[in-house]
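Hi,

Here is the structure I said I would pass on. Have a look first, and my notes follow below.

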Amino acid sequence: MPAPRDSKSLAERIDINYWRQPHPLRQFKWWLSGAAVMVAAGWLIFAVVSGNQRIFSAGPLSVAHSMFENDCATCHTRSWQPAVRLASGDSRRRSVPNEACLACHDGPIHQQKEIAADVPSCAECHREHRGSTTLARVPDSQCVKCHGDLKTSSGSTAFEPHVIHFSLSGSRVGDHPEFGLLRRQEPDTAEIKLNHAVHLKAEGVLGPGGKPEVLTCSSCHVPDSDRRYMQPINHEQHCSRCHSNSLTFDTEKFAGRPAPHREPAVVRAVMRQRYSEFARLNSESLNAESPPAPPRRVPGRPATQPLSKQGRDWVQQQLDQAERVLFDGAGGCRYCHSVQPGDSDWKIAPPKIPNRWLSHSTFRHDSHRMLGCTQCHERATASTVTREVLLPSIETCRQCHGRKNGARGDCVECHEFHDKSRERDFNGSHSIGRLLP
Amino acid sequence: MVATGALTAGAAAGYAFYAANYPGGPSGGSWPGLLYGIAGSGAMLFAGLLSARKQVPTWRLGRAQTWLKGHIWLGLLSAPLILFHSGFHWGGLLEKVLWIVLAFIIASGMIGLILQQFLPRFMTKLVPMETIYEQIPHVCSVMQSNADTLVASICGPLGTEPPKEAGEEKPKRKPKDVQPLEGSGPLKDFYLCDVRPFLNGQYSRTGLLSSSSRAASVIEQVRIMLPPTLHETLDQLALFCEERRQLALQARLHHWLHGWLFVHIPLSVALLVLGVAHAVMALWY
């Protein structure tokens, strides 16, 4: 007889104490939960016992600090600072104080006129635990915090006080302005006469031996050993090969022996010496009277025959003529330099060719080597006078930098925060053993 | 849902402002980042309290449905809050493990939520003979006992031990000794060989009686061998088999309905342990 399927019969089939009996699935759930706790806690305890602090790291350290990855306390010298930061709302509370960084690094000041209270702590700008990034790659927001509305301890600044972004056109408030030199339309004040257009003529210039030679920018502008900047222009290295004629004098007597490219006093002394030697060697042809008796010989120096008065007059006469050629003539020193007669001597104005133009930023020519020089220095081939500054405008930089999918345009791409010239000398205080993990 | 959406939108707006204006960008250790971390942890903790709430069903702590809604929506809200806390960084090894665990918890929870939306209706439709899941073995045992009694009353003693009921050492009742009816041999054989093991044995989805159509075919073959007076008994056995199939289906659906909890709950507990470790170390350093 089958069991009827009414409510009563169905209810009678149920064991009313079933909920008291452990159910395998429910028990398994508890077992799994217990196992999960054991695994999680066991992993943490094992890490602590075995001294593995890496698992608690908030992220991989930068390459420079990777050796401290298992020793948090090397940098985190203050405990519970995040908790204090949370409780107090003071975002400047850091478990890594400046002292921890300064134990190894210098961190020289940014500007003399900076306001001390506005200067961020090391850890505020240099964010660690972000992987193998360069810590000096500080985000723009850190710079803009001050440079968005620049204030100085003296109340004045030579810099644009509101700079927020680089990539825009430069016409809006907060855009990075044009380079100061170009903005103020300052001329190149170098005391040297250089005509870039002539040097870069397509048909070339007269080279050594009168042969035509086509010059390029790199014929004179040679990168330094770091390939970052260009070496200072140097006469012997960059000019003398072609411009040796400017220092020649009295070619009948001294052919192939130009004057040295030195100060006028040295040039004059060299010329006097050469004419005096010439007079001694050719005293008869000069109809000179007998020379006076030789003075006492100075020990260590060869005995020299003094010139007669007639000889000395001849030397002075020749010297005056040569000086007029070299110092006063258009083809001598004046060909390139500003030469002025002084009270007792000629004066050549110091060339004052700047080694670097943008002293508040950094640049690397090597990184731009895929470009032709005139892509940036576009006026170079047409420039005829020295006073023209051939720096590219910031708009030239903006063609690539700061654009979407273009080259980087963040502050630290060109600017350094710390004044590296103030970094301390070598010979730090740590030992190798102290640095090893 | 509206409150969760509004809270997520508010948190996202706050994060956008914080990310755009906080020098150095967002991070878990920043003041706003810590606040997001506390909010996210709080949401997760509340979600975890559902289990505790279930342990004390008689306490007057609000309706179970409200707790479940809070569990679901605050649990979901915790994900964006923790993302905002981290500033969309994965962090170190411990944090990465936390992310993976959280992802599995949320994924398993969402799978569970989706399954809970349609499987109960599916079960109501497909399993009209549904019983309490934990009682299925007991009901099968009772069903077998009833079938034993039914068949023994017609075919005589079956020569089998009556089924033991859960928690009992001795059989509940003993079938009466009766003389077998003429022509009941095939019924007895069919019952002992196929039906009886099917009712209370290990259920196999490929068994002879596990499929309705196959079972109907077999029963029709047995019916041919039986005198008409025994057809009613055969139909009753077919009914037992149908109920057994439905209970097996119910068990299967129940596993789908609750299986995700075997991932969800253990990982939630692990997340709690690892999360506490993360919080302590983060606040320390």
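**Domains of chain B**

The C-alpha centres of domain 1 and domain 2 of chain B are 48 Å apart. Domain 1 of chain B covers 2–127 + 260–284, and domain 2 covers 133–160 + 177–258; bounds like these come from an automatic or database domain assignment.

Before you go further, some housekeeping. This is a predicted model, where local features need pLDDT of at least 70 and side-chain atom pairs count only at pLDDT 80 or more, while totals for chains, interfaces and linings use all residues. Residues are numbered from 1 along each chain as its sequence is written, chains are lettered from A and ligands numbered from 1 in the order in which they are written, and side-chain values use heavy atoms, with hydrogens and water left out.

Back to chain B. Eleven residues of domain 1 are in contact (heavy atoms within 4.5 Å) with eight residues of domain 2. Between them the two domains of chain B bury about 950 Å², 74% of it on carbon and sulfur atoms. Buried area here is the accessible area (1.4 Å probe) that two parts lose on being put together, summed over both. On the domain 1 side, B:Leu119, B:Met123 and B:Val127 lose the most area to domain 2 of chain B, together 51% of what that side buries.

What about polar links? Three residue pairs are in polar contact between domain 1 and domain 2 of chain B, both residues at pLDDT 80 or more. A polar contact is a pair of N or O atoms within 3.5 Å; within protein, one must be able to donate a hydrogen and the other to accept it, and residues adjacent in sequence count only if both atoms are side-chain atoms.

The elements giving two or more residues to the domain 1 side are α4 (93–126) and α9 (261–284) of chain B. Helices are DSSP runs (H or I, at least four residues), numbered from the N terminus. The largest share of that side, seven residues, comes from α4(B).

**Chain B against chain A**

This contact takes 51 residues from chain B and 48 residues from chain A. The area buried between the two chains is about 4,300 Å², and carbon and sulfur atoms give 67% of that. In chain B, B:Trp31, B:Phe262 and B:Tyr285 lose the most area to chain A, together 16% of what that side buries.

How many salt bridges does the rule find across the interface of chain B and chain A? There is one salt bridge: the side chains of B:Glu134 and A:Arg26 meet at 2.8 Å, N to O. The rule also finds eleven residue pairs in polar contact across this interface, both at pLDDT 80 or more. On the chain B side, α9(B) gives the most, with 14 residues.

**Inside chain A**

Chain A has domain 1 (196–233 + 353–391) and domain 2 (248–287 + 308–348), and 34 Å separate their centres, taken over C-alpha atoms.

The structure holds 24 salt bridges over all chains. One of them joins A:Arg92 and A:Glu124, with the closest N and O atoms 3.4 Å apart. A:Arg92 lies in the loop between α3 (81–88) and α4 (98–102) of chain A and A:Glu124 in helix α5 (residues 122–125) of chain A, so this pair ties together parts that are 32 residues apart in sequence.

Cheers

Key:
A salt bridge is a side-chain nitrogen of Lys or Arg within 4 Å of a carboxyl oxygen of Asp or Glu.
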